[in-house]
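Good morning, and thank you for coming.

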Amino acid sequence: MTFRLPSAAPLLRTPQTAVLEGIAGFVPPDAVPNHALPAAWDVDDAWVRRRTGIGERRRAAPGVTTGDLAVEAAGRALAVAGRPLVDAVIVATSTPDRPMPAMAPRLATRLGLGEIAAWDVSAACSGFVYGLAAALGTLTSGCADRVLLVAAEVYSTLLDPQDRSAGIVFGDGAAAVVLRRGERAELGGVLALDLGSDGSGDQLIQVAGGGAQERSRPGEFGPGDRYFRMRGHEVFQHAVTRMTQSAHTVLKRADWAAEDVDRFCAHQANARILSAVGDRIPLPGERHVTNIARVGNTGAASIPLALADAAARGELRAGERLLLTAFGAGLTWGSAALVWPELPTVPHIDTDAVAVLPAVPAADPALRTQIA
């Protein structure tokens, strides 16, 4: 199978861009290590680690929703940025609390941000990069001076209890970034983006039921169609090819060579996919930013959560050149190049333990007791 490589013409044609000024993440405190997976799945720690690179994943407690995790991550990111005024909220998710309305308006209200623009982005595991493009367009068009971009997932609500292939991989989590309009020369500036899709592969990763299609033709669907399904082998091949090609496109648009990249953060899908993409760019493993071993695949949240985790551990330095790339259902993919900013200490959950580091008061008083 051959794929068209997009044009390497610069995507960002103006001196203004989106500048990162805050980031934080949140994962539920309940960890599910490999040894605690259901006995019926007939897996052990070594088998799961060998196939996926995952040692544990987090699960939201009953009653805790995607919106709840989003509030926690967003509050922390706003605190890192100094609690600035925000003009728009974008939420990237494939596990919204409801089919309608979008989550973003309610999130803005829970955070006390006022009657600002707010909308959702649905691009599955590519959602953060797609949201980054949406935020950049909103900023450079003059529609907003500052955007809060949140990526959040509670995949545990979509998993079939009998499907170990998905159950061992996916976890719940959220992360958020604060972006302001600024100059490309600034630390934190987004320098290049690439997006793509191929709807002919829409059945490779899907939740077939639960939408208008099922309501229009209910006789064609069964209870199992409400669960997440993925054709793993085919997805592996597409993910490696698409992320590699997209990453090369962004490198050309940023006028970088692979050796110019200080840190590489790919969608935390599977350790074998991360390794394969890194080998093909090429970027050595010591430059990879990854936390899949501690949180699993958190969908749209995976890239910003890995970055927030690395920032909390002091592993990212101002001025470093970062390459991001993602692949998800749709099929969708995307990549971004940016320069890491100077940031204060990131309030973030420690994914090596259950304790939460410096807490940010939730806008919704009930949330603290739900998550604690």
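Are F170 and F228 buried or exposed? Both residues are buried. I shall return to them after an overview.

What we have here is a predicted model. Its mean pLDDT is 90, and 89% of the residues reach 70 or more. Over residues 1–10, however, the pLDDT is below 50, and this stretch has 18 contacts in the model beyond near neighbours in sequence. Residues 353–372 also stay under 50.

The protein contains eleven helices and 13 strands. Of its 372 residues, 56% are buried. Among contacts with a separation of 6 or more, 80% involve residues 24 or more positions apart. The exposed surface comes to about 15,300 Å², of which carbon and sulfur atoms supply 52%.

Let us now turn to the aromatic residues. The structure holds three aromatic pairs. One of them joins Y155 and F228 edge-to-face, with 5.9 Å from centre to centre and 85° between the planes. Y155 lies in the loop between β6 and α5, while F228 lies in the loop between α6 and β10, so this pair ties together parts that are 73 residues apart in sequence. Buried means under 20% relative accessible area; Y155, at 3%, therefore counts as buried, and F228, at 5%, is buried as well.

F228 also pairs edge-to-face with F170, at 4.8 Å centre to centre and 65° between the planes. F170 sits in the loop between α5 and β7, and this pair links parts of the chain 58 residues apart. Together, Y155, F170 and F228 form one aromatic cluster.

How values were computed
Residues are numbered from 1 along each chain as its sequence is written. This is a predicted model: local features need pLDDT of at least 70, side-chain atom pairs count only at pLDDT 80 or more; totals for chains, interfaces and linings use all residues. Side-chain values use heavy atoms; hydrogens and water are left out. Helices (H or I, at least four residues) and strands (E, at least two) are DSSP runs, numbered from the N terminus. Buried means under 20% relative accessible area, exposed over 50%, partly exposed in between (1.4 Å probe, protein chains only). Contact means heavy atoms within 4.5 Å. Accessible areas come from the Shrake-Rupley method with a 1.4 Å probe; for residues, only the protein chains shown count as cover. pLDDT is the predictor's confidence in each residue, from 0 to 100. Rings of Phe, Tyr and Trp (its six-membered ring) pair if their centres lie within 6.5 Å; planes under 30 degrees apart count as stacked, over 60 as edge-to-face and the rest as tilted.
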